[in-house]
Each structure stands twice: as C-alpha cells, then as structure tokens.
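Subject: Structure handover and notes

Hello,

Please read them with the model open.

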Amino acid sequence: MKPELSVVIPCLNEEKNIASCLDSLIESSFPFHSMEIIVVDGMSTDNTRAIIEPYLKKYSNITLLDNPDKITPVALNKGILHSIADKVLISGAHTAFSKDYISVLWKKMDALNAHVVGGIMLTLPGNGSAKAHSIARALSSGFGVGNSMFRIGVKEDRRADTVPFGMYQREVFHKVGLYNPKLIRNQDIELSGRIVSAGFSI
C-alpha cells in the first residue's frame, strides 16, 4: 500500500537522540502503518547506525539511506526524492514529537487549505546545567529570538514565513523545487521564501 505520509529524517552522529525520535513517530496517534520513515544518515561514526539497525529489522516501513555529502539539504533532498507519499513531514534526528503532533498537522492542513503546516517548537535544555537552561529559555523568548512565532508560541492559527518540522504537500516541491544544497544553514528559510513567492500558504 502507498503510505499516506513520508517522514524524512536527516541524521549525523545522533546516537543520543535517534531512538527517541523514531519511538515518538512509532507511538504517534497518527497510524504508524500509514507512514514511511526515511532516515538519511551522513555516514555517522558513532553508534547511530547500530541503534537504527533493530528498527530496520522490525519495521518494514523504516528505511536507511546514505548521505556521503554529510550536508543537511542534500539529505533532505535525497529523502524527499526517495519518498512516495503525497504529504511529506520534515523531521530532525534530535526531535521527539508530541503524540498528536502529526494528527493535528494532518487535520489543520485540510481545515486551513494550507500547503505547508507546522507547530510550536519547545526547546529543551541539553543537560541540567544552568547554562543549558539559560540557552533553552533564551531560545524560547522574544528577547532571544525576536518574533520567531514558532519558538515563542501563538494562541491561534496564523500564516507564517516558515515553520520547523513542517508537513508539506508534495506539489509544493514539484512547483518550487527542493532545498538548496549550497546552503548548509537556513536552507529551510530559503525554501519557505520560494514557497510563499510561488503563492502557496504556510
């Protein structure tokens, strides 16, 4: 059966996080059997690939692709081109999704007649230190990130310039193209600019 949703996960040396990312997708309220999950790994040198291996053996809808270029936009493009569902969710290997994240995006995309939808990102400290907690607080406040609404939060649905971990209708990529492989950083913001300029809604 053709999956309803493709999830693309660029990955490089994420032994501390990849399991929680995959587990959050498996435990999602969105039917796991209706997804395909594509992990695109930049030839990790830690235990990332060893951690992924049992998932590959247990779940036929999880795939591992190699990304010798080790660059995020290349990984994203490779995953999108390999995927087959009409809707594509961009993940991060260090991301754990709330249980209803995908289900809410799925419903909102139809309800809002949107081409791209995303949610609020909760930045958690990397460890228990005061420094880590301070960084997490700064990245979740207007003082630290300005008017980046997906970081500081919103009370109602609204149009956005860009979203993290968004769900995309495949036609968007057909129309505006994929991520710019020359941009090691901010490739998502640049793509979002092309999406909005083409008349699509985020």
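Which elements do the buried residues of H9 pack against? The answer is helix H3 (72–82), E5, E6 and helix H8 (170–176). Please keep in mind throughout that this is a predicted model.

Helix H9 and what follows

The buried residues of H9 are Gln187, Leu191, Ser192 and Ile195. Looking down the axis of H9, these buried residues fall within an arc of 130°, so they line one face of the helix. Just after H9, Gly199 has a positive phi of about 95°. Ser201 lies in the segment after helix H9 (187–197). With a relative accessibility of 9%, Ser201 counts as buried. Leaving aside residues up to four places away in sequence, Ser201 touches Asn113, Ala114, His115, Val116 and Arg159. One of these, Asn113, comes up again below, under H4.

The chain overall

The chain has nine helices and six strands. Of its 202 residues, 45% are buried. Taking contacts between residues at least 6 apart in sequence, 72% join residues at least 24 apart. The chain exposes about 11,000 Å², and carbon and sulfur atoms supply 54% of that area.

The sheet

Six strands form an open sheet with mixed pairing, in the order E3-E2-E1-E4-E6-E5. Strand E3 (62–66) and E5 stand at the edges with a single partner strand each, so one side of each has no neighbour in the sheet.

Seven of the seven residues of E1 are buried, so this strand is largely enclosed by the rest of the structure. In a regular strand the side chains alternate between the two faces of the sheet. In E1, Leu5, Val7, Ile9 and Cys11 point one way, while Ser6, Val8 and Pro10 point the other way. Both sets are buried.

E1 and E2 run parallel and are joined by seven bridges. Within this pair, Pro10 stands opposite Val40 in E2. E4 and E6, on the other hand, run antiparallel, and three bridges join them. Val88 has Tyr168 in E6 as its bridge partner.

Helix H2 (residues 48–58) lies across E1, E2 and E3. Relative to E3, H2 runs at about 145°.

Helix H4

In H4, the buried residues are Tyr101, Ile102, Ser103, Leu105, Trp106 and Met109. What covers them includes strand E1 (5–11), helix H1 (18–26), strand E2 (35–41), strand E4 (87–90), strand E5 (116–117) and strand E6 (167–169). Just after H4, Asn113 takes a positive phi of about 55°.

Tyr101 may be worth a look on screen. Tyr101 is placed in helix H4 (residues 101–111), and at 11% relative accessibility this residue counts as buried. Not counting residues up to four places away in sequence, Tyr101 touches Leu89, Gly118, Gly119, Pro164 and Phe165. The C-alpha atoms of Tyr101 and Ser29 are separated by 8.2 Å, although the two residues are 72 apart along the chain.

The cysteines

How many disulfides does the count come to? It comes to zero disulfides. Cys11 is in no disulfide, and the nearest cysteine sulfur to it, that of Cys21, is 8.3 Å away.

Regards

Terms used. Residues are numbered from 1 along each chain as its sequence is written. This is a predicted model: local features need pLDDT of at least 70, side-chain atom pairs count only at pLDDT 80 or more; totals for chains, interfaces and linings use all residues. Side-chain values use heavy atoms; hydrogens and water are left out. A disulfide is a pair of cysteine sulfur atoms within 2.5 Å. Helices (H or I, at least four residues) and strands (E, at least two) are DSSP runs, numbered from the N terminus. Buried means under 20% relative accessible area, exposed over 50%, partly exposed in between (1.4 Å probe, protein chains only). Contact means heavy atoms within 4.5 Å. Accessible areas come from the Shrake-Rupley method with a 1.4 Å probe; for residues, only the protein chains shown count as cover. Two strands pair if DSSP finds at least two bridges between them. Axes are lines fitted to C-alpha atoms, for helices over the stretch in contact, and angles run from 0 to 180 degrees between N-to-C directions. The arc is that of the directions from the helix axis to the C-beta atoms.
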